[in-house]
Every structure is written in structure tokens, then in C-alpha cells.
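Subject: Structure handover

Hello,

Please find the structure below, for your records. My notes on it follow.

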Amino acid sequence: MASTDSIVSWLAVGAFSFLALHISLEKIQAVFRRRNLPPGPPRRLLRDNRADVPVSHFWKTFASWHKRYGPVVSFYLGQTLVIGEDSSLKPSDYVKFDNTIIEVLGTAEAAHDLLDKRGEFYSGRPRQIVGHEILSGGMRGIGMSYGPRYRRWKSFMQAGLNNTAVLKYRPLQSLECSLLIRDLLNSKAPLEYKAHIRRFVVSVIFCVGYGRRVKDLSDPVVVKNMEIGEYFIKVHVPGKFLVESWPSLLYLPRFLQWFRWEPERHRKLDTELYMSLMNDVKRQIAENTAQPSMAVHSLAKQEEFGLSDEEIAYALSAPWAGGVGTTVAAIEVFLLAMILFPAVQKKAQAEIDAVGRTPGFEDYEVLPYVQALIKEVTRWRCIAPTGVPHSTSQDDVYQGMFIPKGATVYANIYAMTTDPEQFPDGDEFRPERFLDNPQLRNYSIPFGFGRRLCPGQHVALQTLFISIVRILWAFEILPGVDDKGEVVIPSPDSFTSGLVVGPTPFPCRFEPRHSTTVEIVHNEAEGAEI
Ligand code: HEM
């Protein structure tokens, strides 16, 4: 009996030693591998690189690191994302420090090599406990880690937003655009155009999601969605919630998890809104009055997608979350560029005038300069300068550099779209660069990479095309005046900061180009009224 005991003890000691050796070997290996991390700003003793990363416009700092250290740089930061959504936040406001490694990819080549070609393990998202798991019940695709649930969500998005599916949204986009042009024509105040552009985009996005047009921004559904968006941004402020730094707080009894209380209240309201919007469409389908939309399509194929009612309701909110701020910002970049580069404006207008009537989607093929101009809008001042960060699900080695599992990976879209080798004189707004270079035919850098590539890019490009072509057809886009009546030439570099950025407000004037414009615009708007 004694000898059996000692055998068991020896076995236990053996197993323990083996485990300890194994763990420490892994640790030692990890330390050695980490020595091969991509280069980056030196890490201070026992501290991360937080102080090296400015709170706003940090992609410009990343770009300066690329010049110094190369196309892939790495640095240390807490687990919490630093995305500068709240520009009042100072580095000292962050509470987190746990050595998360951030990789930044500064060339399109590195991004294609890793995010596209090795997408199988570069397609996760950094963990967001409050914003994704608690507030969204894990149901917003943009925050999902890469796995079966994400793939189901993505097939759903692609089915409603692929390049053929989006063709059915064109008639509504065109009608909405007629109203936009009428509203711009009637604008009185120098900044009024901003609200008209937003209403137009919101209505298009609601048509895509639910087949429902929006007459004005005071529509309660719009107001509620805006509130949801504002709260979503609020909970993603780095360092706001201790649980992001100390996930073990999730082991507390649920009623003691104070950080859940407010987001869970919001989640209940969000779910109610999303479900009611989806149920409206169900009713319209039953009454045979539903317009083409992602909702109609998805409800018809619910089983095929394998999504519950609640999952569909949340998925249908994705176009709003991903599509409104981005598209509005891109149209405003277009206006800014037209004010600052009037020769480009004239050249595009000459091409459009050759159509001989109000231009529409059917003229796309005969407007190559306008097509190039739209690409240049998305390049000249990209509106998602760091995209949405990815994360890795396994260790990797790239050109001798070690990229560990769990690293957060930013594609520095700003650095890529201003890369002087690919885009000489990047500050010049020059659509010709896309006409002259066949290699840029499939240019899609501003929409991200790999398996997380923006699913809304086709609908965004359609919205940009119809609005840009009609604005150029109807108006001379001119700088506006300030309160004293003096002309304001806007700065090409004054932009907001955040995950999505846009020009800071600048006054803009819309002068009808032809004597007939006013009448045509009013007639077309009359036929497009809701
Ligand atoms: C000019 C307009 C737009 C730009 C520049 C843009 C850009 C981007 C970028 C850079 C990403 C991150 C991709 C990545 O992780 O690599 C993204 C993701 C996303 N976008 Fe867009 N976007 C635009 C418009 C839209 C529109 C109109 C919609 C919806 C109709 C949309 C829906 C989404 C969604 C749902 C995601 C998350 C995808 C995922 O996590 O897999 N976007 N977008």
C-alpha cells in the first residue's frame, strides 16, 4: 500500500515538473520570439508606449514610424483600444497596462500579404467586453471574433450588399438624390448643406436596410438610432470600464457587476427598436407592400442563413452603424476637394455635360473621369484612416518578424493612400492618377482588407456616384461666406479625429450652373417626393 502511495506521489511530482518545465519553456521561447517583433518606438522600462501615441490623428504618428522603422511597426499598449474617439481624453485617463502588442501595417503590400493572404488568422477583432459582449449581446458583426457566427453574419451582409444585390437600390437612391439636389438648391445658411447630405444618406441607408425612406432627420426612428450610435461610441472610450482591463471581474456574481447596469438598460432599448423595425417589414411582406431591402431578402431566407429573429434584427442595424457617418464624410470630402481644386471640378462637369441631360446610373460607363474622381475622393483624404483593427488568432512570422497570437493589427490606410511611391504628390487632388495607372483598377484600400473588407462598399460607391454626378451637373461648388460676409477658403487639413473622420465644418455655396437647372431640379424633386 505504502509503495502504491509513493508511486502515485512520484507520478504527481513528475507530472507537475513536466508541466512546470513545459510552461517555463514556452515562456522562455515567447521571450525569445518577442525579441523578433517588428521594430517600433523603444519601450520605456516597465511601461508601454502610451505616451508616444497622441490621442487624436495618431495615424500620422504611425506614418512617421513607418518612415523610420519600416512597413510593419509594433509597439505596446494596454488591451483597451486607443482610437481617439473622444478627443478630450488624455493619455493619463487610460487605466490599462497589460502589454498588448499592437502591429501597424503601413504599406498596401504588407496589408495584402497578411490581412488578405493570411486572412484565416488575421481576421479577428480585439475583445470589447462592454461594447460588444454586454451592450450588443455579441450580435453586432463589426465586433465579432472570426468564427462560425461571424461567417453567418457576413454571408447575410454579402447577400444583401454584393455588387449585383445593390443594383435594386438604385431607383430609390436616384429618387432620394433628386430631393438632395432640390434641398441644396434651396439652402440659405452656409452650413445648411450638411443636414441635407445627412438626410439623403440616412434615407438611402434605411432604404437598403428596411426599404423605408426618411423625410427628415427628426423622424423618431432616426433620432433613436442616433442616440444608439452616440452611446456606442461612448462605451468604446478607452479606459472607461475597468472590466476591459480586468476581465476577471466577470466572475463576480452578476448582480455585483456594476459595469453591466447601464449598458444592459441600453441593450433592452436597442433590441426593442431593432425588433420593431424588422417586424414592420414582416407586416409589409404580409400585406404585399414591402420595398426591396436587406430585411425582405433575409426574412425570405432566414433558415438558409441560420439566424434567429434577434440576430437578423441586429444584423439589419449594421448598414446604419457602418454606412451613415462614412458616406456623409466622403461626400463632404468631395465638396472640399471641389472648392480647393476648381480645375478638376470643371473637367468633370465637361464630361457630364456631354451626356446632355440629368445624369444617372445608366451613364456610369461613359463617365470614366467621374469614376476616377470618386476613387480620388476616397484616397485624397481617407475617412477611415486606420480602418477597424483586426486581431490575430495564432502566432505568425512575416519577413523574419514575429507577430504573436492576440496582437491587435491596424491597417494604416492613411499611410497607404499617401504613400509617395504609389501616389506621388499625394496632397494634390488628381483623378488622372487612376486613369493613367491600370494597376489601380481594382483599388479598394479605403474599404479595408481580407475577410473583414467593408461589406457596404458597393452601396457606398453607388451613393457617392449618384450624388457626386448630380451635384456636379447642377451646381458650381464654391466656397461659402462667414458671418461677416467674407469668403472662407477651407483648410485641406482640418479634420475631425476618430475611427471615422471628416472635414471640420466649412461654408459651401451651390450656384445653379444653367438657367434651366432650377426648373429641372424642381420638376424632378416633385416626382421624387415621399
Ligand atoms: C465611403 C464609405 C465607406 C468606407 C470608406 C468604409 C470603410 C470601411 C472600413 C475601412 C472598414 C473596416 C474593414 C476592415 O476591418 O478591414 C469597414 C467595415 C464595415 N463597413 Fe464600411 N465603409 C463605408 C461605407 C459603408 C456602408 C455604406 C456600409 C453599410 C451599408 C458599411 C458597413 C460596414 C460594416 C458592417 C463593416 C464591418 C465589417 C466586419 O467587421 O466584417 N460601410 N468599412
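Gln399 is exposed, because 10 other C-beta atoms lie within 10 Å of its own. The cut-offs used throughout are these: buried is 20 or more other C-beta atoms within 10 Å, exposed is 12 or fewer, and partly exposed is in between, with C-beta atoms placed from the backbone. Gln399 sits in the loop between strand 4 (396-398) and strand 5 (401-403). Its phi is positive, about 50 degrees, although Gln399 is not a glycine. Helices (H or I, at least four residues) and strands (E, at least two) are DSSP runs, numbered from the N terminus.

This is a predicted model, in which local features need pLDDT of at least 70, side-chain atom pairs count only at pLDDT 80 or more, and totals for chains, interfaces and linings use all residues. Residues are numbered from 1 along each chain as its sequence is written.

Confidence and overall make-up

Please treat one stretch separately: over residues 79-99, pLDDT stays under 50. For that stretch the model has 60 contacts beyond four places in sequence. Two residues are in contact if their C-beta atoms, placed from the backbone, lie within 7 Å. For the complex, the predictor gives an ipTM of 0.99 and a pTM of 0.90.

The protein chain holds 20 helices and 8 strands. Of its 530 residues, 42% count as buried. Among contacts in the chain with a separation of 6 or more, 76% are between residues 24 or more positions apart.

His57 lies in the loop between helix 1 (2-34) and helix 2 (58-69). With 18 other C-beta atoms within 10 Å, His57 is partly exposed.

Helices 6 and 7

Helix 6 (residues 170-186) packs with helix 7 (residues 193-210) at an angle of about 170 degrees, and their axes are 10 Å apart. Axes are lines fitted to C-alpha atoms, for helices over the stretch in contact, and angles run from 0 to 180 degrees between N-to-C directions. Helix 6 is therefore roughly antiparallel to helix 7. On this scale, angles under 35 degrees count as roughly parallel, over 145 as roughly antiparallel, 65 to 115 as roughly perpendicular and the rest as oblique. Helix 6 contributes Leu172, Gln173, Glu176, Cys177, Leu180, Asp183 and Leu184 to the contact, and helix 7 contributes Tyr193, His196, Phe200, Ser203, Val204 and Cys207. By class, this contact of helix 6 with helix 7 has 8 nonpolar, 3 polar and 2 charged residues. Ala, Val, Leu, Ile, Met, Phe, Trp, Tyr, Cys and Pro count as nonpolar, Asp, Glu, Lys and Arg as charged, and the others, Gly among them, as polar.

Helix 10

Helix 10 (residues 258-287) has 30 residues, which at 1.5 Å a residue should span 44 Å; its end C-alpha atoms are 45 Å apart, which agrees. The expected span is 1.5 Å times one less than the number of residues. The buried residues of helix 10 are Arg260, Pro263, Asp270, Tyr274, Leu277, Met278 and Val281. They pack against helix 4 (129-134), helix 7, helix 8 (220-235), helix 11 (294-300) and helix 13 (309-315). Just after helix 10, Asn288 has a positive phi of about 65 degrees.

The 13 residues of helix 16 (residues 368-380) should span 18 Å, and its end C-alpha atoms are 18 Å apart, which agrees. Helix 16 is mostly covered, with 10 of its 13 residues buried. Among the buried residues are Lys375, Glu376 and Arg379, along with Val377 and Trp380. The buried residues of helix 16 pack against helix 14, helix 15 (342-353), helix 17 (413-417), helix 18 (432-436) and helix 19 (457-474).

Helix 15 and helix 16 pack at an angle of about 140 degrees, with axes 8 Å apart. That makes helix 15 oblique to helix 16. In this contact, Val344, Lys347, Ala348, Glu351 and Ile352 of helix 15 meet Tyr369, Val370 and Leu373 of helix 16. These residues divide into 6 nonpolar, no polar and 2 charged.

Ala337 is in helix 14 (residues 318-340). Ala337 is buried, because 21 other C-beta atoms lie within 10 Å. Not counting residues up to four places away in sequence, Ala337 touches Val377, Trp380 and Phe429.

Regards

Key: pLDDT = per-residue confidence, 0-100.
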